[in-house]
Amino acid sequence: MKRTVFNEDHEAYRSTLRRFIEAEVVPHYDQWLADGLVPKDLYRKLAALGMFGIEAPEEHGGAGIDSFKYAAIECEETARAGVVLGSSGVHVALCLPYLLQLGTPEQLKAWMPGFISGETMYAIAMTEPGTGSDLSGMTTHARLDESGTHYVLNGAKTFITGGYQADRIIVCARTAPADPTDRRFGISMLVVDTTLPGFSVGRKLDKLGLRVSDTAELSFTDVRVPVDHLLGEEHRAFHYLRDNLPKERLAIAYGAYAQAKAAVDFTQAYVTDRTVFGKSLATFQNTKFELAACRAEVDAAQAVADRALEALDAGELTPAEAASAKLFCTEVATRVIDRCLQLHGGYGYMTEYPVARLYADSRVNRIFGGTSEVMKMIIAKDMGL
């Protein structure tokens, strides 16, 4: 069936991004993998393509396009090339929605130019060493000082994607004790400049996959954050986080579908060239059947991802639909990439082959943004179970 989710403007962007990745990313990617992060200059180059300003308002230098379809193309093109563009996805897909939805006119005027240009990279800090998915149990806290002009922030965060290189971090912290009847009350969002005294970056975490996307531990010791860096209303951050989860989960679902599709493409090319027992590996019935089964699963995942994408752009994507898309697409990616790696034989276990990197990179899809088990709970609740 003909795909209708993208138009000519989207395809023009795809062509531009594909050329950029081939010229500016692929030749350097092995070194970035060894370094465990991308050079910050990459973000300024991505910004020059317009990547960081697509959804930003025109009055602040963005394109003002209220659509996630360009981000979906980025998922497809990076997977196609077997690369990851550092933590640029967190900067745009996770941080920008909070800034646009909650930022005051004064905040947006001050922060958007650097955001769009890539001069100021953002990350978001939610998870803590002892809380995991239970955000309501966070202990990082911020209190107003006696003058009422600054919050004094103390605590620690972990698994913070982009935290090692970020210039500003949206930190979720408790600003009031939890209400006994509502543990989610009392959490606020503070935009913290990483040059402030008392802020420090701990270990750059050594991950199984997504190795060029830096992930770090952070600590805050009496960090004085101006009160005008409060994002949104005080004590309501948990509700803001909940409201943005459908978009975050769609982003993960789309990335997973794109990784599965890329794995099939990489594997088809490999088995066509690989000779076994004097014959092309692609001529064996098992190879054909395995790739055909993978292709069918990818086609189904694409349909689910595209449907959710259209619903998001129309403002109709529900939490349960986003959870369903994430659950289905991430589980498909797990199965497909594993089968594709098997068809590579021993070479599939070598990181010089993109299918090996996809195998490692994709595993976290079933964990972050809410585990597969949490997705099932959301879907079951929506079913009235």
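Student: Why is Glu217 called partly exposed?

Tutor: This is a predicted model. In it, Glu217 has 24% relative accessibility. Buried means under 20% and exposed means over 50%. The value for Glu217 falls in between, so Glu217 counts as partly exposed.

Student: Why is Arg203 called exposed?

Tutor: Its relative accessibility is 53%. The cut-off for exposed is over 50%. Arg203 passes that cut-off, so the label is exposed.

Student: What makes Arg203 and Glu217 a salt bridge?

Tutor: The closest N and O atoms are 2.9 Å apart. The definition asks for a side-chain nitrogen of Lys or Arg within 4 Å of a carboxyl oxygen of Asp or Glu.

Student: Where do the two residues sit?

Tutor: Arg203 is in strand 6 (residues 199-204), and Glu217 is in strand 7 (residues 215-226). They are 14 residues apart, and the pair links distant parts of the chain.

Student: Are Glu22 and Arg80 buried, partly exposed or exposed?

Tutor: Glu22 has a relative accessible area of 44%. Arg80 has 40%.

Student: What makes Lys45 and Glu24 a salt bridge?

Tutor: The closest N and O atoms are 3.1 Å apart. That is within 4 Å, so the pair qualifies. Lys45 is in helix 3 (residues 41-48) and Glu24 in helix 1, 21 residues apart. Lys45 is partly exposed at 35% relative accessibility, and Glu24 is partly exposed at 29%.

Student: How many residues does the largest nonpolar core have?

Tutor: It has 98 residues. Val25 and Tyr254 are among those with the most contacts inside it. Helix 7 (residues 237-273) gives the largest share, 18 residues.

Student: What does Val25 contact, leaving aside its neighbours within four places in sequence?

Tutor: Phe20, Trp32, Leu42, Val83 and Leu85. Each has heavy atoms within 4.5 Å of Val25, so each counts as a contact.

Key. Residues numbered from 1 in each chain as written. Predicted model: local features only at pLDDT ≥ 70, side-chain atom pairs only at ≥ 80, totals over all residues. Heavy atoms only, no water. Core = buried A, V, L, I, M, F, W, Y, C linked by side-chain atoms within 4.5 Å. Buried < 20%, exposed > 50% of the residue type's maximum accessible area, 1.4 Å probe, protein only. Helix = DSSP H or I, 4+ residues; strand = E, 2+ residues; numbered from the N terminus.
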